[in-house]
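Hi,

Here is the structure you asked about. Please open it alongside this email; my notes follow below.

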Amino acid sequence: MTIPKEIPEKWFPIVLPLKRKTRGLKGSPKLKRGAEEERKVKANDREYNEKFQYASNCIMTSKYNIITFLPVNLFEQFQEVANTYFLFLLILQLIPQISSLSWFTTIVPLVLVLSITAVKDATDDYFRHKSDNQVNNRQSQVLINGVLQKEKWMNVRVGDIIKLENNQFVAADLLLLSSSEPHGLCYIETAELDGETNMKVRQSLSVTSELGDPNNLAQFNGEVVCEPPNNKLDRFCGTLYWRDCKYGLNNQNMLLRGCVLRNTESCYGLVIFAGPDTKLMQNSGRTKFKRTSIDRLMNTLVLWIFGFLVCMGVILAVGTAVWEREVGALFQSYLPWDPPVDNFLVSAFLSFWSYVIILNTVVPISLYVSVEVIRLGHSYFINWDRRMFCNRSNTPAEARTTTLNEELGQVEYIFSDKTGTLTQNIMTFNKCSINGHAYGEVIDTPRGQTKKVEPLDFSAWNPLADRDFSFYDHTLLEAVKLGEPAVHEFFRVLCLCHTAMSEEKSEGELVYKAQSPDEGALVTAARNFGFVFRSRTPSTVTVQELGRPVTYTLLAILDFNNIRKRMSVIVRNPEGRIRLYCKGADTVLFERLHPCNQDLMNITSDHLNEYAGDGLRTLALAYRDLSEEQWEEWAERYRGADRAEDCREDRLAAAYEEIEQDMMLLGATAIEDKLQEGVPETIAILTLANIKIWVLTGDKQETAVNIGYSCKMLTDDMTEVFIVNGHTVQSVREELRRARERMMESARSRDGGKEVESQGWGEACSFGNGFGTGDAANWTQPKEKSSAPPTAPPTSILESISGEFALVISGHSLAHALEADMEREFLDTACACKAVICCRVTPLQKALVVELVKRHKKAVTLAIGDGANDVSMIKTAHIGVGISGQEGIQAVLASDYSFSQFRFLQRLLLVHGRWSYLRMCRFLCYFFYKNFAFTMVHFWFGFFCGFSAQTVYDQYFITLYNIVYTSLPVLAMGIFDQDVPEQRSLEYPKLYEPGQLNLLFNKREFFICIAQGIYTSVVLFFVPYGVLSQATQSNGTPLADYQTFAVTTATALVIVVSVQIALDTGYWTAINHFFVWGSLGAYFTILFTMHSSVLFNIFPKQFHFLGSAHNTLSQPVVWLTIALATVICIAPVLAFRFLKLDLKPQLSDTVRYTQLVRQKKRKPGGRAGRGLGGAGSSGGGALGRLGRGGSRRSGYAFAHQEGFGELITSGKNMRLSSLALATFASRHSASWIDTLRKKKHAQNAQNTPPAATGDSSPAPSIAPPLSTSSSLTGPQDTTPEESRQASLDAAPSNGLGDVPLSLMKSPEAESGGCSLGAVQEALFGWRGVGARISGASSPGPPPIAEESSNAV
Amino acid sequence: MAMLQRGLKTLARRPDNSAFKQQRLPAWTPSLTAHTVLPIFFCLSLVCMLLGVWLLITVQQTYQLKMDYTDTNSCSKCFDLRKNSSKAQEICHCTVSLTIPEDVMGDVFFYYGLINFHQNLRRYMTSRDIAQTLGRKRSLKSPSSYCAPFNYDENKVPIAPCGAVANSMFNDSFTVNYHLRDGSTVPVPLYRKGITWYTDKNVKFRNPKSSNETLAQIFNGTSRPLFWQKPVYELDPSDPNNNGFINDDLIVWMREAAFPNFKKLYGILNRSERPFTSGLPAGNYSIDITYNFPVQYFRGRKEVVISTVTWFGGQNHFLPIAYLVTAGLIFVTAAALTAVYLKVGKNGKNMEE
């Protein structure tokens, strides 16, 4: 049995969730983890591999099995201090000299608590077993003895060769051996691992890729020697020994568990790491047991109460000592001391422990279990919430952890992933600007409103159209049908200039594999508008242009990289004409345009601004005609660069740079990175609730910032957006420092010359509309109504800044910023900002950022994400939320809460979280109160009973008080209470603030509760004492006997606490009524039962209170006493509550009151207007669509890494068959094109590139401020005045000086550019393109004038 | 797996739209508005006031007389005698006299009171065997260990009734005499039975059942408690049915008092004969005391209490006064709250945002 050996590992409170499952491995337990220094794996040799006892592919996140459950669970439970404490009490009670209460007063609640917890743990573990089983039982195909066999995942061993098929999850970390695709390539999606959804390509070693079919693979007996399991996702280092040869292995050869195979029919891989050793599992880390701040506070308070208890014990023990010496010693003839007690000191010592037992109820044992029950209830409410149910994915919200609910009401920082969380990761071609004409405006504001506009129907017109594509502006389609050349050329760029691959499963059923979703969106758009990309070979691209197949010769792909921020293709059309098509970031592209494009550029620039203002991802498109000579000449240089051994990249880039000049602008596209539904609204509401939202994304900066704008995290109203992008420690520090200075400056100037400041900013802003987009100053808008208090003390200025700042920091800067000496600085800066965006961060960095805030800010953090790359962050944050319903489940598995839409977050926090917090706080207040009221009576009685540790109440009452008489009403309150209805919580996000400020339950509140409890106990003791010590029954029998007193006090107590809970309950449902009245009823029923003669006759010693209930409660004087005590206890509370409500009403009181008034008036009309009065005003503004003139321009929307350009041109990713065909076809076509080309291009040889506009070009000032670090950090240094000056300088010279000149020049000078007309006519049959272009540009001056007037 | 498949059914996982699950249960949402709180306060004040006055008037109708006889008059010699425990068996009588100035009408109750006697000590209270006094024979012969050290005497003979409570039973006896104006003395007749709770007498305390044995035979093999002068079956020589565990005095004593100063019922005036048919007439009385119970060890006092009762019991000034004080305080609070409300919160002005 290996189980016992497992236990020690489990005995740590922090349980490693992914424990190695050791069973089923021929009984050989292997626990020597960490000893592995090097991994040796031999393919197809299980016997050999078993020597090393590698982990199997079985994962186990469960904690117990049937045998271990009881001992392990009990052991874990007794690690709870409280439980151990009660066990200790139980032992104390077994000592007769000490035992002041029977053992069952402790053991009954203890057993109850333990069993409830155990049941809960068992259920949890059951579900873990289930999910483990589900994962472990997934099927995979394993090559065993040369035959593919279906095997469960858990039976996959290291060294097995398994076959994966398209869209399957990779079962373990595999070494890719071969694939169905040529050259052993395969495509994977790593969203589970790092959150990047673009496809990545993996390639097998060429020696293994030839193995191909299972028969060969079965013979494969290579041995892999590699590094031991680790958690580095992007690194792998190993060697393959096969047939006496050594082959180096790196990450490019690996398929990691959690990846999904895409666009690859099948592939074979050798299992290197399995189960817990996989990088995915190694990354998932330990499950930290999360505690809420209330939990921690509760623990502190419980410790204090322990202290208090000890104090009381000491006081009473001293009392005992004195009493025993003074009185007890004399009383010995009637009651001798117990034999072991020989003097009063020993007696005092024993009495101390006796009192500890009696007074232990101040630390209520049922507290913890009640808290758990309440949280469980809240969790169910989350699970049941229909408004957090997503119909589309059929996923309800799920509270996966039941211990954190009230923390949801205290969140101050939200860390959100971007892709899949804020966005749907669906790119849609939304708008475009072609030749100065904007299309797609119809769908301006589709969100929120019912979509009345029907999307265009392409299928009737274009059989190849993608049905999922929707576009609403029919003018564009008409323009295509009319054959506008610019429009055609525009779509030609889209369908030619990309690195997507197409797959045509059957005729007309095209599937594009694009390296980034943006690209896919663009190609799909072109497809629907009649420019269908059909297929490609290494040297051709076949396109169906308006139903007519055209094959272009692909001369070169000038692929994208993140420095170039553009990509181009050079193609030769069937007519032999060579043209360069380019798409790229407008900043980059505009610099490389022919000067004659000035007008068009300005118009397009306007459009781009507009698109950017809507948070769309934009691209500019351009083309350039190349003459044969130019091409030949450049191709030579290109080949030279390509062949270069050293600095190949740089030389290639230089070569690309050379050819991508003097381009003619065609237009721009705008792609919507589709936000999830309701994201901006949610963010706005959460912001109003004073929650700071940080976006941590693996995406690149431009994308992230773009999304920041489109989801209204960043707005144009912001004073400033700081970009930290430095690569060195110094530069990061410097940038942070500068940001703080700017903030302080603005705060100071706001304090001082508000007038001046706003004017200044205002001016800067008006400039920003047009040209000065590069200025940091343009991030500003006059924000006179800033919420910053004008009288902020300058010392704590960073704290008090609530101005509108935002910080964008990139991953490499973050690496420096998170170092020990800078983290504080970073944190201070970031926390002073309203929004923080961290881009290009690794999963670890995400966790570090969260950890940093968690550590220094004492604030509750929430992390939300959907991918495996968010797991670390989700686990680190106080609360982790996983977006479910997507394919990946890693994040969900690691999360505490999961739902399928980001927008549910507002409900989770503002409704459920707020209520949970409120309920928990009310519950705790009441709970401590009731236990103090209950217990302290013993303390007072101590002074009258010779400190002998005699209890006031019957021991059954003590046993049942907490678990029966008073538990249910307070549970009902803790579960069902509402102060304001849920709609109000969303209408008034400010209602969330008490939770963040920890107002409802803190040490002060605790002391108030305690004081109230003690006061109640005083009343409950002394009023009956005063009355009963003198009183007699109406038949003369004295009432001062112990049992009567006990019953009177107990009844008074139960009634008082019931009245108190009635006061505390704000939402009386039938259940509350039932529980409150039911508890009272239960009290009396049980009381009379226990005091009945029936029970007494059976157990005389246990139920010796025979007849007390009847004798006592039939006395009017007893009821008068109880009534008096109740009035004295409750009246002050009522008075204080009323005063508080009257003098210092909280927002919730106000809302509740208005609700009440509204209900009375029954005026449904007044509701909406009033409800939004408090919160909605600012929210409404923020939600509205950004106005025109957004001074920001989105960046380049491409994914960051290089595309498949090289793979395409080298033909590596083409199937052999199609490749052969294609080369044939291209050779064929090339030959006739060549001849044509040679003829035509002799004439067009003198394509002199027009002079570059260079420095005087408007590009720097139009450049989007976020595109490069230099353009961003640079302008930050300049004051608004300076930048304004700069833009002033730029505007006239560019706008008014150069443009007319270039227009004048254009007809003759730009043969390669504007005077395309003739050539186009000759080659492409595009009649009148030139005319059109010049026509479009000729009304250039008016728009420029317009803009200038805007600017000045 | 099965669960997964079930989950995949469309909308199968959609939560029910029940008011309970959606937290929309119809509910009463009370609010502490002035319209509810202020009337409550004034009403409370009024009710407490009325109750207080009524109780006060009622209490005025009761009569209570207390007489400490620990070492007064002739009892001082007994007091001194009891200091010496070796003379515990010596019988000591003494007499105290008292005057009742007015006729005490109605039922009159005679109590003995003890001051500073802690019947409420934990170990004292547990030092009894309820099964034994219930008449369980097994417990009779083997008393519970809780009774230790009063469970067996020095000869290991079980004690019945065992325990400290029974052992320390108050054993003074009183005879009250009414001195007529003419100098003659009439003994005041007292009911010495029926002074216990019904349940105590009839359920809780039973003699061991036996069809034909006498009490003495039943209790054969047990010894009397150490401090007792008589065995338990000879407690009441006058009435054989008032002996054993069902002796009223024993039962009264065994009902432990909650506080160190307490009184216990000794007897009720028998109003069947003249001159006591309507109560105790005014005049001089004397009480003959058989002084057995030593109190000087624990610095205690002994007293006799003569009292009448009304519908809510004996004389008890605490309750009406407490009610009156409470009424006053609540009224003051209510007035203050009203003032605050009128000044600050009227018409919900404070609730406006």
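This is a predicted model: local features need pLDDT of at least 70, side-chain atom pairs count only at pLDDT 80 or more; totals for chains, interfaces and linings use all residues.

Thr33(B) sits in the loop between helix H1 (2-8) and helix H2 (34-60) of chain B. Is Thr33(B) buried or exposed? Its relative accessibility is 13%, so Thr33(B) counts as buried; the cut-off for buried is under 20%. Setting aside neighbours within four places in sequence, Thr33(B) contacts Phe1138(A), Tyr1153(A) and Leu1156(A). Within chain B, Thr33(B) and Tyr341(B) are 308 residues apart in sequence, yet their C-alpha atoms are 9.8 Å apart in space.

Next, the interface. Chain A puts 111 residues into the contact, and chain B puts in 104 residues. The area buried between chain A and chain B is about 9,200 Å². Carbon and sulfur atoms give 65% of that area. Which residues of chain A lose the most area to chain B? They are Tyr334(A), Arg386(A) and Phe1138(A), together 10% of what that side buries.

How many salt bridges are counted between chain A and chain B? The count is two. One salt bridge joins the side chains of Arg255(B) and Asp1041(A), with N to O at 2.7 Å.

Now chain A by itself. It has 1352 residues, and 62% of them are buried. Its secondary structure comprises 50 helices and 35 strands. Take the contacts in chain A with a separation of 6 or more: residues 24 or more positions apart account for 77% of them. Chain A exposes about 49,200 Å², and carbon and sulfur atoms supply 58% of that.

One surface feature of chain A is a nonpolar patch. Val310(A), Val314(A), Val318(A) and Val322(A) form it, with about 310 Å² of accessible area together. Val318(A) lies in helix H10 (residues 293-328). Val318(A) has 49% relative accessibility, so it counts as partly exposed; exposed would need over 50%.

Last, confidence. The model scores ipTM 0.95 and pTM 0.77. Chain B has a mean pLDDT of 86, and 94% of its residues reach 70 or more. Where does pLDDT stay under 50 in chain B? That stretch is residues 1-8, for which the model has eight contacts beyond four places in sequence.

Best wishes

Conventions
Residues are numbered from 1 along each chain as its sequence is written. Chains are lettered from A and ligands numbered from 1 in the order in which they are written. Side-chain values use heavy atoms; hydrogens and water are left out. Patches are made of residues with over 30% relative accessible area and no salt bridge: like charges are joined within 9 Å, nonpolar side chains (Val, Leu, Ile, Met, Phe, Trp, Tyr) within 5 Å. Accessible areas come from the Shrake-Rupley method with a 1.4 Å probe; for residues, only the protein chains shown count as cover. A salt bridge is a side-chain nitrogen of Lys or Arg within 4 Å of a carboxyl oxygen of Asp or Glu. Helices (H or I, at least four residues) and strands (E, at least two) are DSSP runs, numbered from the N terminus. Buried means under 20% relative accessible area, exposed over 50%, partly exposed in between (1.4 Å probe, protein chains only). pLDDT is the predictor's confidence in each residue, from 0 to 100. Contact means heavy atoms within 4.5 Å. Buried area is the accessible area (1.4 Å probe) that two parts lose on being put together, summed over both.
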